[in-house]
Amino acid sequence: LVSLSTPLPAPPSTSLMPKNILNTPVNDGRPAWNSKLQYILAQVGFSVGLGNVWRFPYLCQKNGGGAYLVPYFILLIVIGVPLFFLELAVGQKIRRGSIGVWNYVCPRLGGIGVSSLMVCGFVGLYYNVIIGWSIFYFFQSFQYPLPWAECPIRRNGSLASVEPECEKSSATTYFWYRQTLNTTSTIADSGGLNIKMTLSLLVAWIMVCLAVIRGIASSGKVMYFSSLFPYVVLFCFLVRGLLLKGSVDGITHMFTPKLEKMLEPQVWREAATQVFFALGLGFGGVIAFSSYNKIDNNCHFDAVLVSFINFFTSILATLVVFAVLGFKANLMCEKCVIENAEKILGYLNSNVLSHDLIPSHVNFSKMSLVDYAEMYGVIRTVKEGSFDRLGLDPCLLEDELNKSVQGTGLAFIAFTEAMTHFPASPFWSVMFFFMLINLGLGSMIGTMTGITTPVLDTYKVQKELFTVCCCILAFFCGLLFVQRSGNYFVTMFDDYSAGLPLTIVVLLENVSVAWIYGTKRFMQELEDMLGFRPCSFYFYMWKYVSPCCLMVLITATVVEMVISPPGYNAWVEELAEERFQGYPPWALVMCFSLIVVAMLPLPVVFVVRHFNLLSDGSNKLSVTYGKGLKEISNLEEVDETRSILGKNPGETPSPKAPPGTYLGTNPRENPHSLSPNSCYGTSYQNVISPTSPDSDS
């Protein structure tokens, strides 16, 4: 133990040491949620997004059906819940946005918050374009029949013919690529602005701006509707879908487990990636939302609740999607049977086929899938040598169900095509696209909060003005995505701007808390904040399991990027189909620039703070919500003495204990805590006694 009469020498300045922290004030002027329900809905609205509807069902189908749920659920427990809990906890305790939180947990890794903000910016740019597409389809849905229900007719005088591009593909595909996007055949040909999509993007940004302009005072109210309405629509679609012919075939196909798939590493990698992004980890929105909570809120309960609501939503969306796709697959098979039955009748009439090959019970006027399959099998067996020349299709339901679609292909082509066969199809179309708008809006509110909250915490700027300026700037930057080639840039940003940078961000978040700040110390902070000690399961997850899983995921992502040729699916007008094309050199530079720019703050902040080129900002709190700028650096010496002695702010330190002496051995008196005031109110570094139980991180 250090003698009380011997003052300690001033410790060297190192921004790797966590700051000592004072008790949290009862009222620091920070805005707060009106209710716990409003906060939960905000977190649910942010985490539950378009990926739950059009990404999870695709992955489930691709990776073994019901078997995919096993690795997904395991990784949700091992990675998802612990890291989600970690972000909620640090945001609630420090009560700042992502920049402020990571500046004071570990100043040298303060670039984590800046990288989160930049990724939020990249994602927000293209994510709002998808909302714009949904807005366009929403307004187009107020027509009967739906404008994508039939191919347009081209008229040349008295002659009328079906649009060739539409005839080669389908009505919904043609409407998406030609009438909505009017897309070019290559990313190199911009084609100029698409006016319809530009106006839709403007409407989308106006909606987002109005939702977040007053912070949680406005976004919290929006969340009551935008978070709950999608569940109403999903349940309505589920009931309607189950009443459709063939829906059970789709659901059965979906949940028939292919257990051998569980042994493939690719399945686990994609499950981990989906868990990671489904909860919105690393974006800063989770931290920003939790920073407006009361200090004693049970964030552990929130983490578990929101994680499982997210999982439940993914399952619900999967049921809906495959009930509808099962119905569509049956329609396509019936259409296939009719077309091929007509071919067979032609062959019978021209004596290419013998009537003896047709089973006696087969009725050509009302042929079932079973009857056609039997007839197809007989003809194939007898005409083995010349069967291919007949041009007959097998018309298998399994083949239709195995056609994997995701993303825009699922929402704007496959699902819209199925809805054209619904009774009262405009009503269902309006409901579906209104649901997509609300799902996207909830995620965009969280993304924008991940941008505005850290900046407003750090700088004294007017909230409303800053929000409006952000939205205006984002709209003009988003014009890149509403060119005729804009769809290809959306794919580029989706593939490169978030995946690898966010995974690295979350790994560094985990490391900074578990290994630099100290897992034992963090667990003690949680006990003081929550009133109970979290299960030791989280200790081992944060300390060992989650970092290892994230490093494996980063390695797998890098390997996948190296072995997979960078490219995009371009719509070729002459062929009326998609073809994979590699990116030109300038686009490749743009792809990897997105990754570099998003991760650049990490090494830059580390270097400038390692060499003391930039203050870590811990000597003052730039902004308080009630009083504006508040300089408190002049209280540094007083705060140091109080913190070292474990006294309350109002107590007078004992004259016998000189500054710099560390007496705290009781964990509850440990001055190394995650409370906000000392993070923003002190600039000293504390010496930790080698014998202190908290010196072990």
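**Close-up 1. N52 is buried in this predicted model, at 3% relative accessibility.** N52 sits in helix α2. Leaving aside residues up to four places away in sequence, N52 touches S47, P57, N310, S314 and A317. The N52 side chain also reaches the backbone nitrogen of G49, at 3.0 Å.

**Close-up 2. V48 lies in the loop between α1 (36-47) and α2 (50-54).** With a relative accessible area of 5%, V48 is buried. Its contacts, not counting residues up to four places away in sequence, are Y231, N310, T313, L439 and S443.

**Close-up 3. An unreviewed UniProt entry annotates G45, V48, N52, N310, L439 and S443 as "binding site".** These residues are spread over 399 residues of sequence yet cluster in space, the largest C-alpha distance being 12.7 Å.

**Close-up 4. K62 and E270 form a salt bridge through their side chains, at 2.8 Å from N to O.** K62 belongs to helix α3 (residues 56-62) and E270 to helix α12 (residues 265-278), so the pair ties together parts that are 208 residues apart in sequence. K62 is partly exposed, with a relative accessible area of 31%, whereas E270 is buried at 8%.

**Close-up 5. A salt bridge joins the side chains of K245 and E334, at 2.6 Å from N to O.** K245 is in the loop between α10 (216-242) and α11 (247-255), and E334 is in helix α14 (residues 299-349), 89 residues apart. K245 is exposed, with a relative accessible area of 57%; E334 is partly exposed at 31%.

**Close-up 6. The side chains of R533 and E527 meet in a salt bridge of 3.0 Å, N to O.** R533 is partly exposed, with a relative accessible area of 42%.

Note on methods: Residues are numbered from 1 along each chain as its sequence is written. This is a predicted model: local features need pLDDT of at least 70, side-chain atom pairs count only at pLDDT 80 or more; totals for chains, interfaces and linings use all residues. Side-chain values use heavy atoms; hydrogens and water are left out. UniProt positions are given in the numbering used here, feature names are shortened, and annotations may be inferred rather than shown by experiment. Helices (H or I, at least four residues) and strands (E, at least two) are DSSP runs, numbered from the N terminus. Buried means under 20% relative accessible area, exposed over 50%, partly exposed in between (1.4 Å probe, protein chains only). Contact means heavy atoms within 4.5 Å. A polar contact is a pair of N or O atoms within 3.5 Å; within protein, one must be able to donate a hydrogen and the other to accept it, and residues adjacent in sequence count only if both atoms are side-chain atoms. A salt bridge is a side-chain nitrogen of Lys or Arg within 4 Å of a carboxyl oxygen of Asp or Glu.
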